[in-house]
Amino acid sequence: MEPTWGALAWQGLAAIVTLGIFSFLAGDNPFYKIIERTWVGVTTGYWLMLLYHTSFHDKVWVNIVVQHKWWYILPTFLGLLMWLRLSRKLAWISRYALAFYIGISTGIYIPLAFKNFVFLQLEGAVRPISFDAAGINFVIALVGLTCSLSYFFFSKPHTGILGGMSKAGILTLMIGFGAGFGLTVMGRVALLVQRVIFLRDYSVNLFGKIF
């Protein structure tokens, strides 16, 4: 389907923004600064309205004014106290609201963190071994996990068997860090490829529309 002039106009604006961001590769320049400040302003306005509709309107206005859940006034009041951080004289009052927030968040997220990052990890590392490809992969991962943990065992000198396991643990950790870094780089490269493909498609569509 041939794109309309309106769609090409919006795509042209996106192409200008993309080229403006890419212009930083040639050095800092006014074109990049204009695009950067415009992007920051638009993003700030977008997130402000998004937070208003998803947080303040749904969780404060609807609950208090529409549904008459008056107990929501207390967390709303604590949230408003946090804005006093912007005042030099009254900034100390915001610490009370921040203390409630940190205490509640700690009580909620510590059990979740133990469940997701400790108990579920232990459950995944302690299970029956099957004699297939998945079982072989599990044994390799279990050996790497054991060697990695042995590297952080400091109650005994890393000599003999423990020293060999700790060295294997270092290799395992380096492989994990390298894989994570490679995944991050490939993600950024994928974003770059998408923008290049967008610029190519826009150029082709614009050229076809004109000629």
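Author: A nonpolar core is a set of buried Ala, Val, Leu, Ile, Met, Phe, Trp, Tyr and Cys residues joined through side-chain atoms within 4.5 Å. Buried means under 20% relative accessible area (1.4 Å probe, protein chains only). This is a predicted model: local features need pLDDT of at least 70, side-chain atom pairs need 80 or more, and totals for chains, interfaces and linings use all residues. Numbering starts from 1 along each chain as its sequence is written, and side-chain values use heavy atoms, without hydrogens or water.

Reader: Which residues make up the largest nonpolar core?

Author: Five residues: Leu 8, Ala 15, Phe 198, Leu 199 and Tyr 202. Helix H1 (5-22) and helix H6 (160-210) each give two or more of them. H6 has the largest share, three residues. Helices here are DSSP runs (H or I, at least four residues), numbered from the N terminus.

Reader: What is Leu 8 in contact with, beyond four places in sequence?

Author: Pro 3, Tyr 202, Asn 205, Leu 206 and Lys 209. Contact means heavy atoms within 4.5 Å.

Reader: New topic. Ser 94: buried or exposed?

Author: Ser 94 counts as buried because its relative accessibility is 2%. Ser 94 is in helix H4 (residues 94-125).

Reader: Which residues does Ser 94 touch?

Author: Leu 81, Met 82, Leu 84 and Arg 85, leaving out residues up to four places away in sequence. A polar atom of the Ser 94 side chain also lies 2.5 Å from the backbone oxygen of Ala 91.

Reader: Where does Val 66 lie?

Author: In helix H2 (residues 30-66).

Technical notes: Buried means under 20% relative accessible area, exposed over 50%, partly exposed in between (1.4 Å probe, protein chains only). A polar contact is a pair of N or O atoms within 3.5 Å; within protein, one must be able to donate a hydrogen and the other to accept it, and residues adjacent in sequence count only if both atoms are side-chain atoms.
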